[in-house]
Amino acid sequence: MTFSYSTQVAEGIDLIIPCSKNKLDKVLNSIQLKDPNFEGDFGTFITHYNSEVNKTYLLGIGEDKHLPKIEEAFRSFAFETKKYWSTKIQIDVNGLDASAIVKAALGLGLAEYNIGKHKTEAPAESDVEVIFVCENDVTALIDEGYETAKTVNSIKSLVDAPPNVKTPEYLGKWAQHSAEKYNYTCKVLDEARLNDLGFKALLAVGQASVNRPVGIVTEYTPKPNDAVDLAIVGKGITFDSGGLSIKPSTNLHYMKSDMGGASVVLGFVELVAKLKLNINVVGIVVSAENAVGSNAYRPGDVIGSHAGKSIEIIDTDAEGRLGLADGLSYVIDEYNPKNLIDIATLTGSVVRTFGYSAAGLFTNNTDLANAMESAGHKVNERVWRLPLWEDYEEDLHSDVADIRNFSGKPIAGAINAAKFLEAFTKNHNSWAHLDNAGVAFGSSKYAKLKSATGYGIQLLTTFVKDYYKL
Ligand code: BES
Ligand code: ZN
Ligand code: ZN
């Protein structure tokens, strides 16, 4: 897809007119259409034929309450009708405000996502030109939307990729390639380096797999003399079998999505660099495969960690928090960031709590919580806060080590996981943890089985723009 912009509707090219419910009459009058059997409901569309342009599609964008997910209307429309488009199509965006124009380009770009990368017959790539018609120059808005779409599509590809392909090393290569392309830095810490640096917990998780753990450190620092504004750490378990505390086999293949925090970190840093946002960010991915093998770490083991704390392993399926503990401790020591976020598909408990409708948010900073909540509502990638009360601390007490990785009780699982992470944040005063286990991967009308959602990229970019007033 390529985009261009024009001030006038051209004759002979199919036209898309987005219609909100409250502006419907105006649009119908302008194209002299009566009783069209179309109310502008969100995501609906009709096709109208007239002489000036070949075909006019009226696309319903619903009401104000639909604005946070308006890109979805464009995406599903493009997904269904693309096959009928010729080489050019125009879209009249005069009725949309700036943020809706960004979202229109985003939605059209998201419709290009191809989940069937591993089919032997590749689907034909479309090379359609989309002309945005507007009185004002909207080139920058289109760019922002389409660049966001391309990043979201590529991180969805990572999450949907098979776990034999997307090894920890592969994630490192992805990041290096992205960093070269978009001018930021990337270091991949291999096993030997992780060992030197003391990532003992991450190495324990990955010790049974031939696909060795890596750490990925990306930096985008447009203000080289300033402090790091934000560090973000992501869980990159490329496959979570549960380890010796093995998971049941039903739906086990979905555990390829257990790097759905890492993918957000990789995509977020890429997009911040692409959009040249004036903020110093560091992105860290802690990646390993939680495999079963004769060298696997065991329940009962006591392992070390980057922070120097010893950890008693109760359940090898509570592996994400171990890698993250090292990532958090490392990034605090190395970068002393002003704000610190981690994102991880950490617990089944958060899925039981919020279903597929929100990520769990845990933070010791209420300003951060408010800014995240409001960003989440704006882009329909919601977060909801859960507590970090002291009451939960005793559940992680260990008789033999400094802490244990699981309470052993079937209650408050997401909170306990967050409390475990908190123990490795060295009293950082502005830390937030997002448990995106329910929202990273899910059902959609675009695939028969569950697939990646891309959740988090819009949330975090909107959050940083608002919070840092960029
Ligand atoms: N990767 C899982 C969490 C998960 C569950 C992600 C469902 C996506 C969908 C995590 O490593 C895990 O296994 N958590 C266990 C922890 C328990 C053993 C303490 C859980 O939540 O059941
Ligand atoms: Zn697990
Ligand atoms: Zn996991």
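Patches are built from residues with over 30% relative accessible area and no salt bridge, joining like charges within 9 Å and nonpolar side chains (Val, Leu, Ile, Met, Phe, Trp, Tyr) within 5 Å. A salt bridge is a side-chain nitrogen of Lys or Arg within 4 Å of a carboxyl oxygen of Asp or Glu. Accessible areas come from the Shrake-Rupley method with a 1.4 Å probe, and for residues only the protein chains shown count as cover.

The model is predicted: local features need pLDDT of at least 70, side-chain atom pairs count only at pLDDT 80 or more, and totals for chains, interfaces and linings use all residues. Residues are numbered from 1 along each chain as its sequence is written, chains are lettered from A and ligands numbered from 1 in the order in which they are written, and side-chain values use heavy atoms, without hydrogens or water.

Start at the surface. Leu 244, Ile 246 and Val 292 form a nonpolar patch there, with about 270 Å² of accessible area together. Leu 244 sits in the loop between strand S9 (230–240) and helix H8 (262–274). Helices (H or I, at least four residues) and strands (E, at least two) are DSSP runs, numbered from the N terminus. With a relative accessible area of 41%, Leu 244 is partly exposed; buried means under 20%, exposed over 50%, and partly exposed in between (1.4 Å probe, protein chains only).

Asp 240 lies in strand S9 and Glu 319 in the loop between strand S12 (311–312) and helix H9 (320–335), so the pair ties together parts 79 residues apart in sequence. Both Asp 240 and Glu 319 are buried.

Eight of its ten residues are buried, so H12 is largely enclosed by the rest of the structure.
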